[in-house]
Amino acid sequence: MSLASRQDPICYLRAAAGKDEPVRVVVLAGGVGGARFLLGVRAVLKDQAPQENAAPEHRIQVIVNTGDDLTVHGLRVCPDLDTVMYTLGDGIDTERGWGRRAETWQAKDELTAYGAEPSWFGLGDRDIATHLIRTRMLDAGFPLSEVTAALCERWQLGVRGTRVQLLPMSDQRVETHVVCQIDGARRVVHFQEWWIAHHAQPPVEEFVFVGLDRASAGPGVLEAIAEADAVLLAPSNPVVSIGPILAVPGVRQALRGTSAKVVGLSPIVDGAVVRGMADKCLPALDVAVTAEGVARHYGPRKADGLLDGWLVHETDAADVPGVEVRRIPLLMRSPEATAAMALAALDFCRG
Ligand code: FO1
């Protein structure tokens with residue numbers, strides 16, 4: 001391998017890891033933004049994949065938020081796991097960013113005609129198949145991690161030379177609920193209801209991760225972080241996507257203890273939220289809706305925080321003592337732009 005190629009972060013990660021095996025990249029991710037970013041990570045690793053039938057494959061292990069999960073009409077729905085699975089499996093509706101391409105809504109309309117609630121939740125006909133399989137397997141006693149692996153078999157998330165594995169943050173149910181004011185009354189509603197039915201408008205008093213006290217890290221989660229060559233915090237919602245993952249027992253300690261660099265990408269771009277509702281979530285934690293505010297929220301690893309590096313958009317600034325900050329375009333306007341973000345993040349990880 002020529003010296004020039006050693007400058008490439010992937011080759012360097014392999015060399016720096018002192019092993020000729022492929023690299024192991026761990027990404028903490030939520031839904032839409034995280035899923036799109038993962039397309040870039042996979043593209044970069046694919047370009048660098050070992051030659052055909054050469055050394056084993058690069059690995060991307062995605063630790064996925066399950067706090068969005070909920071049960072509707074008796075079906076267990078895992079929005080972030082499904083968004084990542086459909087996106088990497090090329091089944092996603094790219095306009096919406098969630099749910100299946102070429103989706104229809106007959107079952108939803110029929111349920112609404114029966115007056116069945118929640119009518120506000122978009123349950124697509126194709127998507128229902130995923131929820132039926134998942135619910136049947138969970139009822140049969142399979143843990144969410146095994147159900148997820150089984151569902152991913154169909155979608156073939158990897159590409160030549162790179163294997164992709166989705167790791168639910170926990171096999172136990174942890175659901176994000178929102179303590180908020182609705183019509184002048186203090187209410188606690190599921191995150192999905194706050195987001196979809198109320199459009200994230202009710203002022204938030206607190207986010208509560210219900211079930212966290214009985215939850216442990218999902219199989220392989222802590223080990224993946226410990227053995228990673230690079231750990232990336234995707235540009236997902238720091239409060240309701242990355243937050244629940246960090247709250248799972250052992251995850252913070254694993255991030256602070258891994259020999260890999262931990263690098264995050266700002267979800268606030270050009271001073272604003274690109275999509276979703278992070279701007280309605282961050283103030284509930286007294287975090288400024290800025291690239292710097294989120295970096296300070298995650299904190300420098302050198303001082304009881306998580307970050308070695310932080311990528312901000314070219315028009316943003318962030319000065320966080322103990323965290324190296326780099327500026328690059330962070331708008332995922334094209335696969336090439338997303339791959340450039342992933343490459344910049346991995347480049348950060350090589351030291
Ligand atoms: N987001 C919406 O804004 N409206 C919906 O009706 C909706 C339904 C839905 C169904 C399955 C699924 O996997 C995702 C769905 N989402 C919907 C997105 C979901 O709310 C995500 O949790 C958020 O986009 C945050 O990641």
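The legends below describe close-up views of a predicted model. In this predicted model, local features need pLDDT of at least 70, side-chain atom pairs count only at pLDDT 80 or more, and totals for chains, interfaces and linings use all residues. Residues are numbered from 1 along each chain as its sequence is written, and side-chain values use heavy atoms, with hydrogens and water left out.

**View 1**
Strands and helices are DSSP runs numbered from the N terminus, a strand being E with at least two residues and a helix being H or I with at least four. Two strands pair if DSSP finds at least two bridges between them. Strands of a sheet pair through backbone hydrogen bonds, either parallel or antiparallel. Strand 14 runs parallel to strand 13 (residues 309-312), and four bridges join the two. Val312 stands opposite Arg327 in strand 14.

**View 1. Strand 1 (residues 24-29) is largely enclosed by the rest of the structure.**
Six of its six residues are buried; buried means under 20% relative accessible area, exposed over 50%, and partly exposed in between (1.4 Å probe, protein chains only). Arg24, Val26 and Leu28 lie on one side of strand 1, and Val25, Val27 and Ala29 on the other, so that both faces are covered. Strand 1 pairs with strand 2 in the parallel sense over six bridges, and Ala29 has Val64 of strand 2 as its bridge partner. Strand 1 also pairs with strand 9, in the parallel sense over four bridges. Here the bridge partner of Val27 is Leu232.

**View 2. Helix 4 (residues 79-88) packs against helix 7 (residues 144-155).**
The angle between them is about 25 degrees, and their axes are 10 Å apart. This makes helix 4 roughly parallel to helix 7; angles under 35 degrees count as roughly parallel, over 145 as roughly antiparallel, 65 to 115 as roughly perpendicular and the rest as oblique. Axes are lines fitted to C-alpha atoms, for helices over the stretch in contact, and angles run from 0 to 180 degrees between N-to-C directions. Helix 4 contributes Leu81, Met85 and Tyr86 to the contact, and helix 7 contributes Leu144, Thr148, Leu151, Cys152 and Trp155. Contact means heavy atoms within 4.5 Å. Seven of these residues are nonpolar, one is polar and none is charged. Ala, Val, Leu, Ile, Met, Phe, Trp, Tyr, Cys and Pro count as nonpolar, Asp, Glu, Lys and Arg as charged, and the others, Gly among them, as polar.

**View 3. Leu166 is found in strand 5.**
At 6% relative accessibility, Leu166 counts as buried. Not counting residues up to four places away in sequence, Leu166 touches Val62, Leu81, Val84, Met85, Thr148, Cys152 and Leu157. Leu166 and Glu206 are 40 residues apart in sequence, and their C-alpha atoms are 29 Å apart in space.

**View 4. Arg134 in helix 6 (residues 125-139) is a buried residue.**
Its relative accessibility is 1%. Leaving aside neighbours within four places in sequence, Arg134 is in contact with Arg76, Val77, Cys78, Asp82, Leu144, Val147 and Leu151.

**View 5. The loop between helix 5 (106-113) and helix 6 holds Pro118 and Gly124.**
Glu117 and Pro118 are joined by a cis peptide bond, with omega about 5 degrees. Gly124 counts as buried at 1% relative accessibility. Among residues beyond four places in sequence, Gly124 is in contact with Glu103, Thr104 and Trp105.

**View 6. His199 and Asp270 have a positive phi without being glycines.**
Most residues other than glycine have a negative phi, and most peptide bonds are trans. His199, with phi of about 55 degrees, is placed in the loop between helix 8 (191-197) and strand 8 (204-210). Asp270, with phi near 55 degrees, is placed in the loop between strand 11 (268-269) and strand 12 (272-273). His199 counts as exposed at 52% relative accessibility, and Asp270 counts as exposed at 52%.
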